[in-house]
Amino acid sequence: MTDGIHLSVRDLSLNYARTPVLDSVTFDAFPGEFLGLIGESGSGKSTVLRAIAGLIPRYEGTIEIDAQRVNARRNPRALARQVQMVFQDPYGSLHPRKTVSRQLSSPLAIHGLPCGPSEISKALEEVHLEPTLGFRFPHQLSGGQRQRVAIARALVLRPRLLLLDEPTSALDVTVQADILGLLDDLQRRLRFTAILVSHNRGVISRLCRRALVFSRGRIQRELAQRSERPVVRSLS
């Protein structure tokens with residue numbers, strides 16, 4: 001079982017070609033929490049995830065995991081063991097010329113962990129896929145199956161923080177519901193901390209008791225869901 005982390009982001013700022021993308025973003029995600037980031041396209045929410053994952057090495061401000069400052073350039077392998085990311089497009093995030101089994105075994109092998117058939121079968125069964133799908137290539141899978149493989153690959157290292165960047169937006173409505181249900185079940189069982197980015201408030205409210213609303217690179221307000229409907233609380 002995985003124990004979630006305490007993520008602390010303080011005064012996170014980023015400019016692209018002198019254009020502000022993030023402006024003093026500050027928030028916490030607590031152990032075992034499913035935190036939502038919601039906002040229109042270009043509001044900065046996905047950029048925050050990429051900074052946390054170490055995909056944007058230069059920024060102002062600090063990112064800490066359990067009071068330890070994140071330094072992706074100094075120790076990327078250690079960061080990968082704690083933080084994994086699932087992207088919007090499952091087809092684009094999977095290698096087209098590698099079988100599912102190879103894509104699941106590669107991160108285990110890199111980190112010196114067991115990566116035999118039993119580990120691969122367990123990883124697939126955990127996301128409700130038949131182990132026989134391990135012999136297939138991404139183009140031989142449906143969109144929902146590909147996203148399940150992407151989730152399995154992210155969780156195979158048992159990270160303590162899972163970053164989800166619009167994980168259902170490329171799927172049809174029925175498959176979206178299945179994937180959201182799967183993520184809810186996995187997070188409850190494995191107890192990792194999760195951050196979900198979406199422009200869809202319904203998706204956020206399905207999984208998150210708390211969400212931060214982004215606009216123009218800043219957090220504008222917080223949504224605190226204490227019942228079936230979110231309650232809006234201003235940050236000002």
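Trainee: Which residues lie nearest the centre of the largest pocket?
Mentor: This is a predicted model. Its largest pocket holds about 460 Å³ of space. The lining consists of 20 residues. Those nearest the centre are Ala 80, Gln 84, Met 85, Pro 107 and Arg 153.

Trainee: Which helices and strands each supply at least two residues of that lining?
Mentor: Both kinds of element take part in the lining of the largest pocket. The strand is β6 (83-86). The helices are α2 (76-82), α4 (100-110) and α6 (143-155).

Trainee: Why is helix α1 described as largely enclosed by the rest of the structure?
Mentor: Helix α1 spans residues 45-52. Its buried residues are Lys 45, Thr 47, Val 48, Leu 49, Ala 51 and Ile 52.

Trainee: Which residue with a positive phi follows α1?
Mentor: The phi in question is near 85°. The residue that follows α1 with this value is Gly 54.

Trainee: Where does Arg 69 lie, and is it buried or exposed?
Mentor: Arg 69 belongs to strand β5 (residues 68-69). Its relative accessibility is 58%, and the limit for this class is over 50%. Arg 69 therefore counts as exposed.

Trainee: Which residue has its backbone oxygen 3.4 Å from a polar atom of the side chain of Arg 69?
Mentor: With neighbours within four places in sequence left aside, Arg 69 is in contact with Gly 61, Thr 62, Ile 63 and Glu 64. One of these contributes the backbone oxygen at 3.4 Å from the side-chain polar atom. That residue is Gly 61.

Trainee: What distance separates the C-alpha atoms of Arg 69 and Ser 8?
Mentor: Along the sequence, Arg 69 and Ser 8 are 61 residues apart. In space, their C-alpha to C-alpha separation is 9.1 Å.

Trainee: Which residues does Phe 30 touch, not counting those up to four places away in sequence?
Mentor: Phe 30 is placed in the loop between β2 (19-29) and β3 (34-39). At 41% relative accessibility, Phe 30 counts as partly exposed. The residues touched by Phe 30 are Ile 5, His 6, Thr 193 and Arg 210.

Trainee: What is the phi of Arg 158?
Mentor: Arg 158 sits in the loop between α6 and β7 (161-165). Its relative accessibility is 29%, so Arg 158 counts as partly exposed. Although Arg 158 is not a glycine, its phi is positive, about 55°.

Trainee: Is Glu 166 buried or exposed?
Mentor: Glu 166 is found in the loop between β7 and α7 (173-190). Its phi is positive, about 50°, although Glu 166 is not a glycine. The relative accessible area of Glu 166 is 9%, under the 20% limit, so Glu 166 is buried.

Key
Residues numbered from 1 in each chain as written. Predicted model: local features only at pLDDT ≥ 70, side-chain atom pairs only at ≥ 80, totals over all residues. Heavy atoms only, no water. 1 Å grid on protein atoms, 1.4 Å probe; cavity = no way out; pocket = protein on both sides within 12 Å on 5 of 7 lines; lining within 4 Å. Points joined across faces, edges and corners; volume = space filled by probe spheres on them. Helix = DSSP H or I, 4+ residues; strand = E, 2+ residues; numbered from the N terminus. Buried < 20%, exposed > 50% of the residue type's maximum accessible area, 1.4 Å probe, protein only. Contact = heavy atoms within 4.5 Å. Polar contact = N/O pair within 3.5 Å; in protein donor to acceptor, adjacent residues only side chain to side chain.
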